[in-house]
Amino acid sequence: MKEPSDVVTDAWVRLIRAQREAVGRIEDDLKTAGFPCLSWYDVLLHLKRRPDGRSSPREIEDAVLFEQYNLSRLLDRMEADRLVRRIPYPGDKRRQWVEITEEGRALQRRMWGIYGPAINRVIGEKLTETEAEQLANLLLKLMEPKKD
């Protein structure tokens, strides 16, 4: 196995630090405004974008941006706050749907009022549109599976 060059290692370190810094700043803004963390927003946005406002827990887990080690516990808290509701899956008692509520839709819209401007402050004010596009393309390249 080939060792990474110093440049490649620096890129890796900066990628991880930049991600941690950007997410931390946005999480701080949400917390200061009295909102829950980004993983809540992520789940609500996923559900809102579904045609019927519902999804299986597995689909949620596959779609969210932020790592959620215990989705079941997160959904329990969101259900207790009446942001989502669980609905039995027809014909299979072991499965369920998770559906966004009107309260969940309203919270997602209010959170975007903080989240959107925070994304702009963290990225949009520091990069030109061309640089942001280049960064997005480079990151997409890193996400592509390795070609043999």
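Biologist: How many salt bridges does the count come to here?
Modeller: This is a predicted model, and the count comes to 11 salt bridges in it.

Biologist: And which side chain does Glu99 meet in a salt bridge?
Modeller: The side chain of Glu99 meets that of Arg54, with 2.9 Å from N to O. Glu99 lies in strand S3 (residues 92-100) and Arg54 in strand S1 (residues 54-55), so that the pair, 45 residues apart, links distant parts of the chain.

Biologist: Switching to helices, at what angle do H1 and H5 cross?
Modeller: The axes of H1 (residues 6-32) and H5 (residues 102-124) cross at roughly 145° and come within 9 Å, and the crossing is right-handed.

Biologist: Which residues make that contact?
Modeller: From H1 the contact uses Ala22, Arg25, Ile26, Asp29 and Leu30, while H5 brings Met111, Ile114, Tyr115, Ala118, Ile119, Arg121 and Val122.

Biologist: What about the surface, which residues form a nonpolar patch?
Modeller: Trp12, Val13, Leu15, Ile16 and Leu142 form one, and together they have about 460 Å² of accessible area. The largest share of this patch, four residues, comes from H1.

Biologist: Where is the place of Leu142, then?
Modeller: Leu142 sits in helix H6, which spans residues 129-143.

Key
Residues numbered from 1 in each chain as written. Predicted model: local features only at pLDDT ≥ 70, side-chain atom pairs only at ≥ 80, totals over all residues. Heavy atoms only, no water. Axes fitted to C-alpha atoms, helices over the stretch in contact; angles between N-to-C directions. Helix = DSSP H or I, 4+ residues; strand = E, 2+ residues; numbered from the N terminus. Left-handed = near helix turned anticlockwise from the far one by under 90°. Contact = heavy atoms within 4.5 Å. Patch = residues over 30% accessible without salt bridge, like charges linked within 9 Å, V, L, I, M, F, W, Y side chains within 5 Å. Areas by Shrake-Rupley, 256 points an atom, 1.4 Å probe, with all protein chains shown as cover. Salt bridge = Lys/Arg side-chain N within 4 Å of Asp/Glu carboxyl O.
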